[in-house]
Amino acid sequence: MMPFLDIRNIKKSYGGTVAVQDVNLTVGRGEFITFLGPSGSGKSTTLYVIAGFLDPTEGDVLLQGKSLLSVPSHKRNIGMVFQRYTLFPHLTVAENVAFPLRVRRMPAVDIQAKVAEMIRLARLEKVQDRLPSQLSGGQQQRVALARALVYNPPVLLMDEPLSALDKKLREEIQFEIKRIHQETGVTILYVTHDQEESLRLSDRIAVFSQGRIDQIGTSTELYQNPATQFVAGFVGNSDFLSCRIDRVDGHHAQIVLPNGAVVGGVRSHGSVKAGAAGTLMLRPERVRIRACTGEGSDTGMAVTVRDITFLGDNTHFSVETDWKQSMAIRVPFGRTGAEGLAVGGRARIDWVAEDAHVFDSVAQV
Amino acid sequence: MTSVSIVERGGGPPQRRRRRGGGFSYVLPALVLLLIVFVLPVLLLLLRSVTEPELGLQNYRELVESATYGRVFLNTFLVSSVVTAITVLVGFPIAWLLVILPKRWADLLFGIIILSMWTNLLARTYAWMVLLQRTGVINKTLIGLGIIDEPLTLVNNLVGVTIGMTYIMLPFIILPLVTTMRGIEPDLLRAAALCGAGRLDAFRRVLLPLSLPGIAAGGLMTFVMSLGYFVTPSLLGGTSNMMAAELIAQLIQSLLNWGMGGAAAFALLVLTLALYALQLRLFRRTQAGRA
Amino acid sequence: MLLDFHRLGGLKWVLVGIGLFVAAFLLLPILFTVALSFGSSQWLVFPPPSWTLRWYEELFADSRWIDSTLTSLQCAVLVTILSVSLGLLASFGLVRGSFPGREAIRAMFLMPMIMPVIVVAVALYAFFLRLGLGGTLFGFVLAHTVIALPLAITSICNALERFDKSIEDAAVLCGANPWEAKLRITLPAIREGLFGAAVFAFLTSWDEVVIAIFMASPTLQTLPVHIWGTLRQDLTPVVAAASTLLLLFTLALMLVAAWFRGRTK
């Protein structure tokens, strides 16, 4: 089946510097996809290519099988919400929403009806005659959303639309966006650097790093099975320990920690090679911790407790390995085994082999 | 836990209360100078306009009724309007270009504008006097190209004045316009494009309305400055087509008619201030609309 | 996207075309003058039949050119000192003070800038005639200071408003007395505004013609008055030579300004 939106091998470079490369992504109709990554990772560049603000150096963007590249922005029929609202300051809320229809030379009666519908959808009835400068940040972003959707674009692009809002308002609008997505069924590409936002909103997440997509998948896939160390660090919290790879066997590896401990059955990712340096990744909530009862007789690895913070539903332990790497461990409230631990004391940690991942050591981002 | 945290409300350091009447002594020296060397002389001139040759408004009556003076003010308005129109039409694309050009080229163009603005006014006017002569480069070039047969009279008339004044006023409209246009978010025009607006729609419905405050401010300033301009009209203009400032100078310097000169000066002054007040109101309105 | 240079399409070349035309319009008369100043033709034939330094020799041989330049320099320097110091004091009062009528006084300081120069010129002409100040350097300096002051005050006020007063307060808390704090902390912080004020004040006086024409006497003339007088008689190439030197001076000033901006940033 032909994909709805097909982003093929996009590359954009300026002179010698490459902003994005090898970006491949197929999007189904009605999907909500976030581009997640730190600033400068190429996610906005990709969005700008789709919007037609930038011409890619290589690659193609196809919407329902037709290339968009030769279509100028104003004929692409794509909706977009920008980071800083970008409402027309000289037009009222209703005029802003009517703008796309006016430039499409739609009859005035139809414009009025359509605008009223959008104003209702975005819940802007009370402020429709105000100028953008008289609105709060949240209201402005809702107007921007209404303006971007009023002409029923098949695709809606959102470029960090909530980064200028405070946390509470952000959550409120995230909820609105989800509701509007469900009501309109529009396909959304959403750029953000906030992992929580991407987990909350989207069907699938494309994680960008240094101009490439590291991994595309659902939030659970990314969390359970990160493809790169970068994804592991960016999606959810992680502990990283340096190690050396002893043996690779298909998708599993045996590694040696700096204290000489040999750990087998670790899931390996990327081009992990025997004999090379690697990085062991663990999720803080998958690590078990308990007090030392006596030297030598315990299983697991000995660590020193540096800090204990009670956070209500869980307790956060900061521990240090014998080779001075620090780790975070979260113990859910009510789980036994961690009683009796004290700051400065010794403890033992262990984990289920399947929960450990090893990556080839790349420069940490 | 029983510790009490104190949350500071409102944030920021407390505003130091200002002493009433504080700071006036700092202003005093400049104020005294201004009152003695500016306010007083202007008031005295105004006084002369209603006392010479005798007490009354006869000078102002003559100013309004006389066809000669009427023509001078008409000339002044005509030249100022044409200069304003040309500078707006040319200045707008230049300001636009300055905002979007890659930095190196924008800096170069800016440098040329500042250079022309800071070069001595008389030096610039001299250049035009020479260029526009009957035997000057412009006439010679036009004849050489076969566009005209006889040299055009480009100097000692309002054509020369208009060219010279356009040259001088152009920077004054470009600079405020650049400030206004820099304030326009480029994303607004990207948004307009994605909304479906082609170039013409984006220009007509977004770029132009948002540049309008700058056009109004710069245009009005050019108009007001042109109204009272003296140097260029006297050097490039003819004796038969005087402008207001020349009239005032002539009335006082050559004819020693202080009463009439004062009246004309005062008329120009009131006109200028009224236009500035208008500009200030327009500016406040657009500011209020944005704030 | 009308504000993306590279996405303007054909319109880009229209704008660039207008830009080139205007750059030429602004630059050519200046370059033309430079060329004429080295041209041998008394009658300003262009392109000049041959090149000469004759007009520069005539310029430097004529004591009226030298004297008027010195008068102008003297006057401009005095105006600069006077307007920057008065402007600095007034700006402190206007920005930090809270006396009644502060806004009105601030607006009043801008009046000489708004008003047509010809009105100021005739008003001062009459006034100075009565006081016997016409044709004196003191008269020139007073008159030019009045019209330079608005520019100086605007420039310094802007700088002072951008400066965070609590830094000065911090210096006082560190033990500096209020004057020391102003001198060591505030003045260096607003030096760009002070420099701008000085440049504007200098240029205002240096370039001013209208008031100067009314104030000048046959024995005391500024450079613009002398050029004016010469221009009214004939279009001698000596004026082109003088213009060229003035242009060099402007260029030097621009370089100093650029250097200063580069240093403070």
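This is a predicted model: local features need pLDDT of at least 70, side-chain atom pairs count only at pLDDT 80 or more; totals for chains, interfaces and linings use all residues.
How many salt bridges does the rule find across the interface of chain B and chain C? The rule finds one.

The salt bridge is formed by C:D4 and B:R190, whose closest N and O atoms are 2.8 Å apart. On the side of chain B that touches chain C, the largest share comes from helix α1 of chain B, residues 24-51, which supplies 19 residues. By residue class, that side of chain B divides into 66 nonpolar, 12 polar and nine charged residues. Polar contacts across the interface of chain B and chain C come to eight residue pairs, both members of each pair being at pLDDT 80 or more.

The extent of the interface can be stated in residues or in area. In residues, 87 of chain B are in contact with 91 of chain C.

Chain A can be read through its domains. The domain assignment places domain 1 at residues 5-229 and domain 2 at residues 237-363 of chain A. Taken over C-alpha atoms, the centres of these two domains of chain A are separated by 40 Å. Their contact takes eight residues from domain 1 of chain A and 12 residues from domain 2 of chain A.

What area do the two domains of chain A bury between them? The value is about 800 Å², with 44% of it on carbon and sulfur atoms. In domain 1 of chain A, A:Y223, A:P226 and A:Q229 lose the most area to domain 2 of chain A, together 70% of what that side buries. Across this interface of domain 1 and domain 2 of chain A, the rule finds zero salt bridges, while five residue pairs are in polar contact, both at pLDDT 80 or more. Helix α7 of chain A, residues 219-224, gives the most to the side of domain 1 that touches domain 2, with three residues. That side of domain 1 of chain A is made up of four nonpolar and four polar residues, with no charged ones.

Strand β1 (residues 5-14) and strand β2 (residues 17-27) of chain A run antiparallel and are joined by seven bridges. One of the residues paired in this way is A:D6, whose bridge partner in β2 of chain A is A:T26. The hairpin formed by β1 and β2 of chain A has two residues between the strands, and A:G15 there takes a positive phi near 55°.

Most residues other than glycine have a negative phi, and most peptide bonds are trans. A:R123 is not a glycine, yet has a positive phi of about 55°. A:R123 is placed in the loop between α3 (108-121) and α4 (137-149) of chain A. In chain B, the peptide bond from B:E52 to B:P53 is cis, with omega near -5°. B:P53 lies in the loop between α1 and α2 (58-65) of chain B.

Notes: Residues are numbered from 1 along each chain as its sequence is written. Chains are lettered from A and ligands numbered from 1 in the order in which they are written. Side-chain values use heavy atoms; hydrogens and water are left out. Two strands pair if DSSP finds at least two bridges between them. Helices (H or I, at least four residues) and strands (E, at least two) are DSSP runs, numbered from the N terminus. Contact means heavy atoms within 4.5 Å. A salt bridge is a side-chain nitrogen of Lys or Arg within 4 Å of a carboxyl oxygen of Asp or Glu. A polar contact is a pair of N or O atoms within 3.5 Å; within protein, one must be able to donate a hydrogen and the other to accept it, and residues adjacent in sequence count only if both atoms are side-chain atoms. Ala, Val, Leu, Ile, Met, Phe, Trp, Tyr, Cys and Pro count as nonpolar, Asp, Glu, Lys and Arg as charged, and the others, Gly among them, as polar. Domain bounds come from an automatic or database domain assignment. Buried area is the accessible area (1.4 Å probe) that two parts lose on being put together, summed over both.
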